[in-house]
Amino acid sequence: MLELYNTLTRKQEPFKPLKGKKVGLYSCGPTSYNYPHIGNYRAYVFVDLLKRYLLYNSFKVKHVMNITDVDDKTIRDSQKEGIGLKEFTARYEKAFFEDLKSLNILPADNYPKATEYIREMVAITQALMKKGLAYKGEDGSIYYNIRKFRDYGRLANIDLNKLRAGASGRVKKDEYEKDNIQDFALWKAYDKADGNVFWETPVGKGRPGWHIECSAMSIKNLGKTFDIHCGGIDLIFPHHQNEIAQSEGWTGKKFVNYWLHNEWLLVNGQKMSKSLGNFYTLRDMLAKGFPAVAVRYLLLSTHYRQQLNFTFEGIDAAKASVERLNELIRKLQDIKGSSKSGVLIRKEITAAEAAFEKAMDDDLNTSEALAAVFELVKSINQHIGNSSIDKKSAEEALKFLEKVDSVLGVMNFSREEKLPEGLMKLIDEREKLRKSGNFAAADKIRSQLREKGIQLDDTPEGVRWKRL
Ligand code: AMP
Ligand code: ZN
C-alpha cells in the first residue's frame, strides 16, 4: 500500500483518498516572472512522479496547478521592463508550458490563473472579515488576524504562544521569514507603486495577496476539503500555513489531508536560486547538449525529501542511465526466435516489479525503485549476451519497462528516429509562422534546417522531415 510522508503530521501515513479511487491534487505552480530553473523543475517533476504513481495504482487524479500571474514580483518586474502585466506574464507562461512538455510532465487538468479568480478571493476575504478573522488596517489593506485561528503554526511547527511577545504588527509583503510571523495581507490596498494593476472591488481598490490566490483556486476547483497539496519546502511557511488559515477559517472544514513537500536542488551545497545566480534553466541544459529526459531522470532519481546536489557528473550519469535503458529497449525489440530461458526471465521480471512497487510505496523511494529496475536491466543484458532470451520473454520484459516508464517517463519505445529537441523546436516555430502567413520567416527556418541536413515537406497531414 502506498504510504506518503505528511508534513502536517510529520509521519509517513498510508494514503487513503476521501472518495474511493478519486484523488484531488493541488500543486503550487510557477510565478510567471522569469524562466524557471531546473531547481524549480524539481518541484514539478516531483508532483508529476507522484501523480504518475497514483495513476499506476489505478487512482483517478484530478490535478490542478495554478499560475501566479499577479503578485509583488510580477508587478515589480513588469514595471522594470515597462510592459503590461499580462504581456509580461504571458511570455513566461508560454516558456513554462514548453518546458513541461520537454520534461514529459503530464498536463494538469486545469491551470487556473490568479487574475481570473479575483471575485472568489474577494468573497473569501469578505467572509473572513465577517467571521472576525480579518480586519482592515489603517492603510486600507485587509489582514488576517493570525491569533484568531487556533491552529496557526501547526503545519510549520511553530508555537505561537512562544512568539506572543515578539510577534506583532502586520506584513503586506507576500514573502517573509519564520522569525517575522505577523498578520498577513489578504487584500492589498492600492499603492501608487502598483501602477495600473488594481481591481475595484467591494473590499476596496487594490489587488490580492499571494496566499489567498491558492486558497481560492484550489477550493473552487477541488472542493473545500481535498486530498493532496504539494510544493517545495520553502512554501510550508508562510504560504501553505496561510492557505490553511484562510481556507479553514472560511469553510470551518479541514482543508487538505496530505501535505507533501520536496527538498532543494543544490549547487555546491547551496539552494539553486535566481537570487544567488547559481542556476541553470532547462534551456541552458539543452544548449549544453543534455536532453530534457536526462534532466528529468536526474531530478527524480533522488528521493524527493532528500537534498540533491547538482553536478555535471551527475547529469552525465543521468544521461548515460537513460541511454542504457533505451539501448536495452532497442535490443529487446530486435530479438527474434526462441530459446528455453523464458520462464527464468519471467521470475526476474516479477521480482523486479515487486521491488519497484515496494520502493515506490515507501513514500516514493525512487532511488531504490531505480536500483530494482537496473538490476533487471543488468541481468537481461547478460541473457541477451548469452543469446538465452526468446522473443516472448523479450516482449514481457518490454511490457514491464513500459509499465515502469508510465511512472518514470524517461524511456523511448518508438523505433522512429528522433531529432534533437532544438531542431524539433525550429520545425514547430516554422509551422506557427507558416500558419500565421509569415512565409518569409518560415522559409528562412526551412533553409536553416536544410543547412543542417534536414529536409521539410509540407503534406496534408502536416509537416514531415527527413535527413538529406
Ligand atoms: P517560485 O516560482 O519561486 O514560487 O518556485 C516554484 C517552485 O519551485 C516552488 O515550489 C519552490 O519551492 C520550488 N523551488 C525553487 N527553488 C528550488 C530548488 N532549488 N530546489 C527545489 N525546488 C525549488
Ligand atoms: Zn500556492
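Predicted model: local features only at pLDDT ≥ 70, side-chain atom pairs only at ≥ 80, totals over all residues.
Biologist: What makes the phi of aspartate 363 worth a remark?

Modeller: Its phi is near 55°, a positive value in a residue other than glycine. Most residues other than glycine have a negative phi, and most peptide bonds are trans. The peptide bond that joins phenylalanine 237 and proline 238 is cis, with omega about 0°, and proline 238 has its place in helix 7.

Biologist: Why is ligand 1 said to sit in a pocket, and which pocket is it?

Modeller: Ligand 1 sits in the second largest pocket, which means that more than half of its atoms lie within 2 Å of the grid points of that pocket. On a 1 Å grid over the protein atoms alone, a pocket is an open set with protein on both sides within 12 Å along at least five of seven lines, whereas a cavity is a set of points where a 1.4 Å probe fits but cannot get out; lining residues have an atom within 4 Å of a point. The second largest pocket has a volume of about 1,100 Å³, a volume being the space filled by probe spheres set on the points, which are joined across faces, edges and corners. Of its 39 lining residues, the closest to the centre are Lys73, Glu175, Asp234, Leu235 and Lys271.

Biologist: How do you know which residues surround ligand 1?

Modeller: A residue is near the ligand if one of its heavy atoms lies within 4 Å of it, and 16 residues surround ligand 1, the closest being Gly39, Gly232, Asp234, Leu265 and Met272. Helix 1 (residues 38–56) gives the most to this shell, with 5 residues.

Biologist: What makes the approach of leucine 265 to ligand 1 a polar contact?

Modeller: A polar contact is a pair of N or O atoms within 3.5 Å (within protein, one must be able to donate a hydrogen and the other to accept it, and residues adjacent in sequence count only if both atoms are side-chain atoms). A polar backbone atom of leucine 265 is 2.7 Å from a nitrogen atom of ligand 1, and therefore the pair qualifies. A backbone N or O atom of glycine 232 lies 3.1 Å from an oxygen atom of the ligand, and an N or O atom in the side chain of asparagine 262 is 3.5 Å from a ligand nitrogen atom.

Biologist: Why is the space lined by Arg42, Val45 and Asn262, among others, called a cavity?

Modeller: The space is called a cavity because a 1.4 Å probe fits there but cannot get out. The structure holds 2 cavities of 30 Å³ or more, and about 60 Å³ of space lies in the largest cavity. Helix 1 provides the largest share of its lining, 4 residues.

How values were computed:
Residues numbered from 1 in each chain as written. Chains lettered and ligands numbered in written order. Heavy atoms only, no water. Helix = DSSP H or I, 4+ residues; strand = E, 2+ residues; numbered from the N terminus.
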